[in-house]
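Look at the structure first, then read on.

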Amino acid sequence: MAGNAGPKRQDTRKFVENLSGAGKCIAVLTSGGDAQGMNAAVRAVVRMGIYVGAKVYFIHEGYQGMVDGGDNIKEATWESVSSMLQVGGTVIGSARCKEFRTHEGRLKAAHNLVQRGITNLCVIGGDGSLTGANLFREEWSGLLNELLEQGLINEEAVSSNSVLHIVGMVGSIDNDFCGTDMTIGTDSALHRIIEVVDAIMTTAQSHQRTFVLEVMGRHCGYLALVSALACGADWVFIPEMPPDDGWEDNMCQKLSESRSRGSRLNIIIVAEGATDRQGQHITSSFVKDLVVRCLGFDTRVTILGHVQRGGTPSAFDRILASRMGVEAVLALLEASTETPACVVSLVGNQAVRLPLMECVQMTQEVQKAMDEKKFDEAVRLRGRSFENNLSTYRLLSYRKLDSELPNSSFNVAVMNVGAPAAGMNAAVRSAVRVGITEGHKMFAVNDGFEGFAKGQIKEIKWGDVGGWTGQGGSLLGTKRTLPAKHLAKIAEQMRIHNINALLVIGGFEAFESLLELYEARAHHEEFCVPMCILPATISNNVPGTDHSLGADTSLNAIVETCDRIKQSASGTKRRVFIIETMGGYCGYLATVGGLAAGADTVYIYEETFDIRDLQANVEHLTQKMKTSIQRGLVLRNENCNENFTTDFIYQLYSEEGRGVFDCRKNILGHMQQGGAPSPFDRNFGTKVAAKAMQWITRMLKESYKGGKVFTNAEDTACLLGMRRRAMVFQPVAQLREETDFEHRIPKEQWWLKLRPLMKILAKYKTFYDVSDAGQLEHVTRVRPKDFQPSV
């Protein structure tokens with residue numbers, strides 16, 4: 001793989017190569033309900049385990065397989081996890097096992113593990129599966145003593161298997177586990193729901209219908225809440241926050257108002273576990289009958305059921321599961337006798353390890369709070385991600401009467417700049433509606449700064465952005481033109497329309513534009529207003545943020561295409577595909593797409609490579625073709641090297657692989673920019689735009705003096721970006737130092753740390769710096785005894 005020499009060892013860094021798995025046996029099992037992405041986690045555990053020199057075993061059929069033993073526990077090989085990355089469900093099987101809940105069942109399981117010397121267990125499942133694993137660990141020494149007394153094992157077996165280490169990964173589509181922002185399978189389930197909602201909206205529009213959709217979530221409303229946020233549903237029912245008494249009249253009134261404003265459809269989403277304040281179930285059929293009885297609307301019910309569990313995993317779930325699988329092996333290698341059983345998890349963009357039982361207890365606290373009808377507390381215990389989703393949904397879905405709105409007398413303009421990116425429209429809708437709720441008059445600028453200079457500015461109302469969430473591209477229109485050429489005209493338009501704040505949604509051009517406007521404040525007082533940029537570009541090349549709006553949708557397009565291309569070779573022996581991705585000089589799409597699609601090699605600008613690397617990669621693929629895996633995937637970022645073009649690499653591989661494999665090439669092109677936004681991008685765009693508008697409101701109040709808005713402070717021209725675990729407003733003037741303007745990329749890019757991980761999973765020897773790996777932390781949100789529900 002390109003640049004395989006890797007960094008030199010330094011004393012300040014810790015490499016995975018220093019953590020040996022020699023002599024250790026790791027077993028991986030999937031338990032409870034299946035979830036898309038479990039296979040990616042299994043694959044990562046197996047390959048990382050083999051990479052560090054450990055023996056890795058599959059336990060088929062979950063805990064049942066552990067109890068039954070025999071052929072259910074098999075040693076895994078590198079090839080045995082090939083081609084499972086894109087498969088939904090779990091290929092090693094999952095079963096609910098009553099026998100493991102008994103002491104006798106766990107004794108049998110312990111005997112089966114000891115016979116194979118397995119003392120490291122990686123469990124992928126929900127909170128029930130993980131609780132069972134922890135109990136097994138606590139009983140381990142007692143179980144060994146029983147086996148010794150029964151003469152089934154000897155003293156040596158007891159001493160050499162004295163400690164059982166357990167690491168959990170949460171695989172659950174419900175996202176009902178406290179301590180992690182996202183569980184494996186949740187994003188894929190949202191994909192299934194949104195695909196259905198988008199399809200239903202077109203038929204509902206045709207017939208002016210109301211649709212009631214029932215989604216999974218017996219005890220957790222995450223799927224219902226986020227899908228409601230992602231499709232702009234009129235009403236949502238979730239177990240954590242039952243509607244207030246009298247909700248029937250309120251809901252019907254809202255649906256009626258929506259129709260009177262010209263909407264041709266209504267969407268209501270019901271979580272299967274939804275109840276009212278008295279604990280009575282609210283079913284989808286009850287909601288349908290209510291709408292028909294009170295409003296006479298043509299209403300239909302769709303129950304999604306197990307469709308949500310099925311299908312291929314999304315790019316997000318594959319990357320999440322791969323990162324967690326590798327992290328799980330690291331946690332097992334570093335575990336000591338004192339280390340508690342832990343779960344590896346993701347908080348923001350950061351991998352963390354949390355004590356398993358702290359997370360389980362917190363998860364049980366949520367149910368307890370719901371049982372005690374302390375619903376505000378239940379929402380708070382679910383975590384910050386759930387809280388943010390709920391507050392944003394409330395902010396956007398309930399339109400206040402004009403008399404109820406604060407009158408701010410501020411005018412705020414919103415615009416798109418640069419290439420279109422999926423999620424831009426969701427962000428505009430959110431910004432407009434939150435702005436109106438804050439009392440501002442919102443203005444839309446068409447066609448970027450070019451349109452701004454020409455005066456293409458008009459007021460935009462609440463109803464104007466209805467149905468925008470699921471639309472791809474940019475409905476406002478966008479251009480790459482920077483404002484420098486038109487500063488005087490733009491300043492004049494800001495004066496004419498009395499624009500007091502500016503929200504720019506776009507990519508690298510948007511960042512450059514805000515810098516130019518900030519620098520022009522010295523000459524044009526009109527730019528001395530709060531200004532904010534939301535990064536939106538498929539390339540993910542804007543400084544100051546780990547994720548840009550649109551990149552997730554693009555990754556899913558790349559991964560879906562790679563899956564199809566790989567499948568096209570299923571009847572052909574020994575074929576290698578060379579695929580070119582977009583991204584300019586930024587290798588994010590190629591690298592992360594390569595990790596999600598199971599690429600053998602990825603060429604990017606940030607990691608230089610020469611002809612020797614190309615030769616080594618061809619030889620690596622030649623060796624691979626001698627195994628049972630006879631397909632290869634090579635990704636190339638469009639600007640990775642001006643001489644080693646896609647054609648050159650294709651011809652080189654074709655020549656050097658002659659007689660061993662043949663080659664095909666694909667340039668993915670603009671299909672990476674199109675399509676409906678993914679659930680992640682809809683949700684992310686909606687939440688960041690709401691946060692940006694609240695910041696703009698605060699800045700406007702602080703900078704309003706003497707009857708006008710004036711501020712030339714550096715911290716009033718900001719970029720809102722995700723940095724590891726938090727959303728942060730950063731002055732664009734400070735981000736200048738972090739930017740390589742010639743190549744339009746940040747000088748430091750977090751995802752480069754994923755490259756060694758991708759190489760390891762493709763069977764390359766490399767240096768993997770694990771000094772930034774998750775450290776064991778504690779769950780900080782404990783349940784206060786005197787908790788007062790928030791107003």
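Q: Which side chain meets Arg682 in a salt bridge?
A: This is a predicted model. In it, an N to O distance of 2.7 Å joins Arg682 to its partner. A salt bridge needs a distance within 4 Å, so the pair qualifies. The partner is Asp198.

Q: How many residues apart are Arg682 and Asp198?
A: Arg682 sits in helix H22 (residues 679-703). Asp198 sits in helix H6 (residues 186-207). The pair links distant parts of the chain, and the separation is 484 residues.

Q: Is Arg682 buried or exposed?
A: The relative accessibility of Arg682 is 1%. Buried means under 20%. Asp198, with a relative accessible area of 25%, is partly exposed. Arg682, however, counts as buried.

Q: Which helix holds Asp563, the salt-bridge partner of Arg318?
A: The side chains of Arg318 and Asp563 meet at 2.6 Å, N to O. This pair also links distant parts of the chain, 245 residues apart. Arg318 lies in helix H10 (residues 315-334), while Asp563 lies in helix H18.

Q: What is the relative accessible area of Asp563?
A: Arg318 is buried, with a relative accessible area of 1%. Asp563 is buried too, because its value is under 20%. That value is 13%.

Q: How many of the 17 residues of H18 are buried?
A: Helix H18 covers residues 551-567. From first C-alpha to last, H18 reaches 24 Å, close to the 24 Å expected. The helix is mostly covered, and its buried residues number 14.

Q: Why are Arg564 and Glu560 separated by about one helical turn?
A: Their side chains meet in a salt bridge of 3.3 Å, N to O. An α-helix has 3.6 residues a turn, so residues three or four places apart point the same way. Arg564 and Glu560 both lie in helix H18, and the reason is their spacing: four residues.

Q: Is Arg564 buried or exposed?
A: Glu560 has 45% relative accessibility and counts as partly exposed. Arg564 has a relative accessible area of 58%. Exposed means over 50%, so the cut-off is passed. Arg564 is exposed.

Q: Which residues join Arg480 and Glu509 in one salt-bridge network?
A: The structure holds 33 salt bridges. Some share partners, and these build the network. Besides Arg480 and Glu509, its members are Glu512 and Arg744.

Q: Where does Arg218 lie?
A: Arg218 is exposed, with a relative accessible area of 56%. With Arg96, Lys98 and Arg101, Arg218 forms a positive surface patch. Its place is the loop between strand S6 (210-215) and helix H7 (222-231).

How values were computed
Residues numbered from 1 in each chain as written. Predicted model: local features only at pLDDT ≥ 70, side-chain atom pairs only at ≥ 80, totals over all residues. Heavy atoms only, no water. Patch = residues over 30% accessible without salt bridge, like charges linked within 9 Å, V, L, I, M, F, W, Y side chains within 5 Å. Areas by Shrake-Rupley, 256 points an atom, 1.4 Å probe, with all protein chains shown as cover. Lys, Arg positive; Asp, Glu negative; His and termini not counted. Charge placed at Lys NZ, Arg CZ, Asp CG, Glu CD. Helix = DSSP H or I, 4+ residues; strand = E, 2+ residues; numbered from the N terminus. Buried < 20%, exposed > 50% of the residue type's maximum accessible area, 1.4 Å probe, protein only. Expected span 1.5 Å × (residues − 1).
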